[in-house]
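Please keep the sequence and the 3D view open while reading.

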Amino acid sequence: MTPFDYARARSEQDAVARVKDAGTKYLGAGTNLVDLMREGVEVPSRLVDVTRLSSRIEPTDGGGLLIGAAASNTAVAEDAAVRARYPALARAILSGASAQIRNMATVGGNILQRTRCTYFLDVEGARCNKRQPGQGCDALEGFNRGHGVLGVSPACIATHPSDMCVALAAFDAVVHIAGANGRRHVPLVDLHRLPGDTPHLETVLELGELITAVELPSQTITARSTYRKVRDRASYAFALVSVAAALEVAEGRIADVRIALGGVAPKPWRAREAEATLIGAVPGQSAFVAAAELALAGARTRPGNAFKPELARRTIVAVLSDLAGAGQ
Ligand code: SF4
């Protein structure tokens, strides 16, 4: 591993002030970053440890929840308010990684974790536009079973690996950010960029900007939510397809619905057109199938991942059917 400097931030302001160039990285638990450093994918000259910053989970004035970026994944999944009011978030977190990793991994780090595309990780042997712009993408004609089908580009078809972020996307979560120019809030669904022809630019964060917290708005629908993850083995595997969904039915019609997808796109993928078509519909198979068709209408597949659109459609229908049944 290449030598690097280490500093522990005393405050958010202190953390931001320590970032002078792109060689400085924030260090959460390191469950992804340190792996990437061992592989030579990341070679920071300096790490600023932000694990001692806010890990509180507290109610907001608006009735929602504010989760400090240094909160562990386990702390969020076990929080009583999260479990009662945002169950899909707890389920999503608990479906990811292992208990040991969840105990270490932070919310901020989870959001900013990088793709697990094997070619991205293969510094010596593979071409990767995300790692080295303009180099090419060996996944396009290679092993792409786990790669994306929505929002992908000819330059990159990698997926964002987070489970947690899929639930956050469904819940309209807002990311709190601190930087040299002050503070700002960005909806989680707008934080990650699509690859286009610049897949190395993964988020809208500017140099030195630090994720300080994630805010969950207060909404009644989130209590009627769930998360389903389809993967090759029952634990410690990334999603082939995942669905976070919530459903609210009033007087026999769908009054509100949320659908977000994981494992299929370079970012947590909110299926807004599918949601819109369901509003006012009678909950049932035909409405759910039509919505699932719409959600995957833009899918572009490679030979290895051609199964994903149908798997995603079926998972959407199954999850919405479960939620509709649970509400009766
Ligand atoms: Fe790199 Fe993206 Fe291609 Fe994977 S899919 S090799 S991350 S450019």
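## Overall form

The radius of gyration is taken over C-alpha atoms, and the globule rule is 2.2 Å times the number of residues to the power 0.38. For 328 residues, a compact globule would come out near 20 Å; the protein has 19 Å, which agrees. Along the principal axes, its C-alpha atoms fill a box of roughly 60 × 50 × 35 Å.

This is a predicted model, in which local features need pLDDT of at least 70, side-chain atom pairs count only at pLDDT 80 or more, and totals for chains, interfaces and linings use all residues. Residues are numbered from 1 along each chain as its sequence is written, and side-chain values use heavy atoms, with hydrogens and water left out.

## Content and burial

The protein has 13 helices and twelve strands. These are DSSP runs numbered from the N terminus: helices are H or I, at least four residues, and strands are E, at least two. Contact means heavy atoms within 4.5 Å. Among contacts with a separation of 6 or more, 62% join residues 24 or more positions apart.

Buried residues make up 53% of the 328 residues. Buried means under 20% relative accessible area, exposed over 50%, and partly exposed in between (1.4 Å probe, protein chains only). The protein exposes about 14,600 Å², and carbon and sulfur atoms supply 50% of that area. Areas come from the Shrake-Rupley method with a 1.4 Å probe; for residues, only the protein chains shown count as cover.

## Nonpolar cores

A nonpolar core is a set of buried Ala, Val, Leu, Ile, Met, Phe, Trp, Tyr and Cys residues joined through side-chain atoms within 4.5 Å. The largest has 37 residues; L89, I111 and L216 touch the most other members. Elements giving two or more residues to this core include α5 (87-94), α9 (164-170), β6 (174-179) and β8 (210-216). The most come from α9, with seven residues.

L89 touches I67, V76, V82, M164, A167, L168, F171 and L216, not counting residues up to four places away in sequence. Another core lies apart from the largest one, with 29 residues, among them L150, A265, A281 and L320.

## Strand β8

Six of the seven residues of β8 are buried, so this strand is largely enclosed by the rest of the structure. Strands pair if DSSP finds at least two bridges between them. β5 and β8 pair in the antiparallel sense over four bridges. β6 and β8 are also antiparallel, over five bridges. A213 in β8 stands opposite G68. A213 is also the bridge partner of H176.
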